[in-house]
Amino acid sequence: MDLLKDLNDAQKEAVLQTEGPVMVMAGAGSGKTRVLTRRIAYIIEQMGVSPYSVLAVTFTNKAALEMKERIANLLGIDTKFMWVSTFHSFCARVLRAEAAHLGLTYTSNFQILDDEDSLKIVKKIFKKLDIGDDIKPQTIRTDISKSKNLADFNIEDPYRLKIFNKVKTEYDKYLCENNAFDFDDLLIKTVELFKNNADILNKYQDKFNYILVDEFQDTNKIQFDLIYLLAMNNQNIFVVGDEDQSIYSFRGALVSNIAKFKNVFPLTKLVLLEENYRSTKAILDLANKVIKNNNARIGKVLFTKQIDSVRPYYQMFDDNKEEADFVLNKILELREKGYEYKDFAIMYRANYISRNFEDVLIKAKIPYVIYGGFSFFSRKEVKDVVAYLRLILNQNDNISFLRIVNEPKRKIGSTTLEKLDYISNQNKISLFEAINYINNNSLNSFRDMILSLAKSVNEVPLGDFYDLVLDKSNYLKSLKDNDEEERIENINEFRSVLKEALDTYKGNNEAVLAGLLQDLSLRTDTDNKKDSDEVIKLMSFHQAKGLEFKVVFMVAMEEGIFPSVNAFSNEDLEEERRICYVGITRARERLYITAAKKRFMYGRDDFHMPSRFIKEMELLPKIKPRYTNQNKTLVYKANIKDKKDELPFKVGDEISHDVFGKGLVVEANKDIIKVAFMIPYGIKTLNPNHKAIKKL
DNA sequence: TGAGCGTACGCCCCG
DNA sequence: CGTACGCTCA
């Protein structure tokens, strides 16, 4: 096909300028994925470059998969093993290939720890160092991650700093001794590897003739260094970004990398994509209105030629139940008009909000998927069986050993394990080997079980071997005994993962399992789900980045939730605003924005004001909230005159109080009103005629 | 050793 | 509200 077909001039330029540094500033919905994939296809097809000489990095697995799929469709080639991946899997791939240069303890089958594993190790170290409970392991774990990611990290509190230093030293040592990396290490160790080994760096510099980076505004210092190291020689580096969609500063993303790029690569050619092909004008207007409140931006205004639009809709409900009912009814109503389930997405700031909507969707029997949240591969039972498989393949894997040695219960408790730990330290052997130095029946039979499974790995088909593991370990039986139906289902679902692995990796069972286990920690369960699935999607705004839907519900748009209570500084608030911008610009045709005055969370009712972003959208300029008699919900309607009320205040009024600040009337009678103020004041019962109160 | 119970606490967002 | 962890006792 003609790779330049249907591209506008700016997009064509971005595809054709294949040599030298190029930076594309691409607004939301301006066709950046299209540009990226066409450019890669162009380089391969029109210029004859090998697909394996192109490196493309993105942030999510989903984006990487989509890119591979699109390239495969454009060129009709197999893209499975192309270097199109997330930063993390790129680094893992390099580290596995170069493990020999990582120091004696690392081998190419190192394991990658997720947050849970990593926290467990920190807890273990807390015990070992006998650190009291005036500081939490989670705090130090977060500090360790921050110290690895943030450009300017420091701990003020000298006590915390002391603990941090001690724990971090032990932590790094433990990971090293156990042939493991955490997510942060993947990036750091790769950069270190390149910096310390000129010949290895040269090899990769020569290998990748063309480098492309998606979501460039979300790169952190380490990622920038990585890109720079790889691209500094041939300078064929192409980055795509949008300053207004930078939403990952909490893990060190630096918007300033955009300016830095131009400094480091002075020959940078700049391309602007400002025409939006995704959303209607009304939706785009909202996005522009919100984002213009940010000061820290160069500034651009997206435009579209699609002027035909349905007005975005905002409503604040009395409680989260009503909010969920509204969303449900709207979905049903729009389905009658021809929308399909896959056209809908419900988006929120924090994952726990999904609960509210799950409940009504289940009741209404509407199929849905939740993105993110608790991934399939981080479920306890899945991690347990994976640990069995890991230990069967490699008995020196202490991390997996500790996970399942007493799971299900085998009467191997902390006392026994402490003995084992002591012997393993004394003799510099793994915990598994240390079993031989203890006369303990439970441990002996555990060892024999693992060893006999290890013997039979290649003797039966993989599926049968999996059954054998579930059986001999007693794992399945223990789940059955406890009526853990959902867990059993997940254990069975894992079979499809094994089946897929058989298609992906070559060799005997052991080789297939080894390949699968290496890739597992970098996968999330929604990676394989097809967009064509007839389901509605629930996700956080962060998860939604890069995606689009015909109908978007932005829910729980309340102060304290969005912007989050944790957003204090002006920078924090600007980031929240960018998150809001990302949310709005996901919508193609219809956008519904909802909030609830009263939200049930943490086992109690919380009261919230509408998000400040709603005001910024100017959705209700001179409109007063009113009750309708029919449905007892607040509706905002233009051009309806406010009836004179004999009560001084009515529910929904915003007031200001000399001491408590701004508040929302949640109950109104003749001589008392209840008003919800911001944290820490909460609900106050007040005299409506008091001079401290003013109507806003 | 681990079941059973009481208490504390949740702070977002991701690979 | 749910869960995670620590303490106590059989």
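**Figure 1. Asp 115 and the bases of DNA strand B.** In this predicted model, a polar side-chain atom of Asp 115 is placed 2.7 Å from a base oxygen of DNA strand B. Another base oxygen contact involves Ser 564, whose side chain has a polar atom 3.5 Å from a base oxygen of DNA strand B.

**Figure 2. The protein surface around DNA strand B.** DNA strand B is surrounded by 28 residues, and the closest are Asp 115, Arg 349, Asn 351, Thr 415 and Thr 416. By type, these surroundings comprise 14 polar, seven nonpolar and seven charged residues. Three helices, α8 (183-196), α17 (414-427) and α24 (541-544), each contribute at least two residues to this surface, and the largest share, three residues, is that of α17. If one looks instead at the DNA atoms that lie within 4 Å of the protein, 52% of those in DNA strand B belong to sugar or phosphate, while the rest belong to bases.

**Figure 3. The residues around DNA strand C.** Lys 123, Phe 600, Tyr 602 and Gly 603 are the residues found around DNA strand C. Of the atoms of DNA strand C that come within 4 Å of the protein, 36% are accounted for by sugar and phosphate.

**Figure 4. Nonpolar cores and the surroundings of Ile 346.** In soluble globular proteins, nonpolar side chains tend to be buried together. The largest nonpolar core here has 66 residues, and the residues with the most contacts inside it are Ile 346, Ile 584, Ile 593 and Met 617. A second, separate core contains 62 residues, among them Leu 201, Leu 230, Ala 231 and Ile 399. When neighbours within four places in sequence are left aside, the residues in contact with Ile 346 include Val 327, Phe 357, Leu 361, Ile 536, Phe 553 and Val 555.

**Figure 5. Chain A as the setting for the close-up views.** Chain A contains 26 helices and 22 strands, and 54% of its 696 residues count as buried. Among its contacts between residues at least 6 apart in sequence, 73% join residues at least 24 apart. Because a compact globule of 696 residues would have a radius of gyration near 26 Å, the 28 Å of chain A agrees with that expectation.

Definitions and conventions. Residues are numbered from 1 along each chain as its sequence is written. Chains are lettered from A and ligands numbered from 1 in the order in which they are written. This is a predicted model: local features need pLDDT of at least 70, side-chain atom pairs count only at pLDDT 80 or more; totals for chains, interfaces and linings use all residues. Side-chain values use heavy atoms; hydrogens and water are left out. A residue is near a molecule or strand if one of its heavy atoms lies within 4 Å of it. A nonpolar core is a set of buried Ala, Val, Leu, Ile, Met, Phe, Trp, Tyr and Cys residues joined through side-chain atoms within 4.5 Å. Buried means under 20% relative accessible area, exposed over 50%, partly exposed in between (1.4 Å probe, protein chains only). Contact means heavy atoms within 4.5 Å. A polar contact is a pair of N or O atoms within 3.5 Å; within protein, one must be able to donate a hydrogen and the other to accept it, and residues adjacent in sequence count only if both atoms are side-chain atoms. Helices (H or I, at least four residues) and strands (E, at least two) are DSSP runs, numbered from the N terminus. Ala, Val, Leu, Ile, Met, Phe, Trp, Tyr, Cys and Pro count as nonpolar, Asp, Glu, Lys and Arg as charged, and the others, Gly among them, as polar. The radius of gyration is taken over C-alpha atoms; the globule rule is 2.2 Å times the number of residues to the power 0.38.
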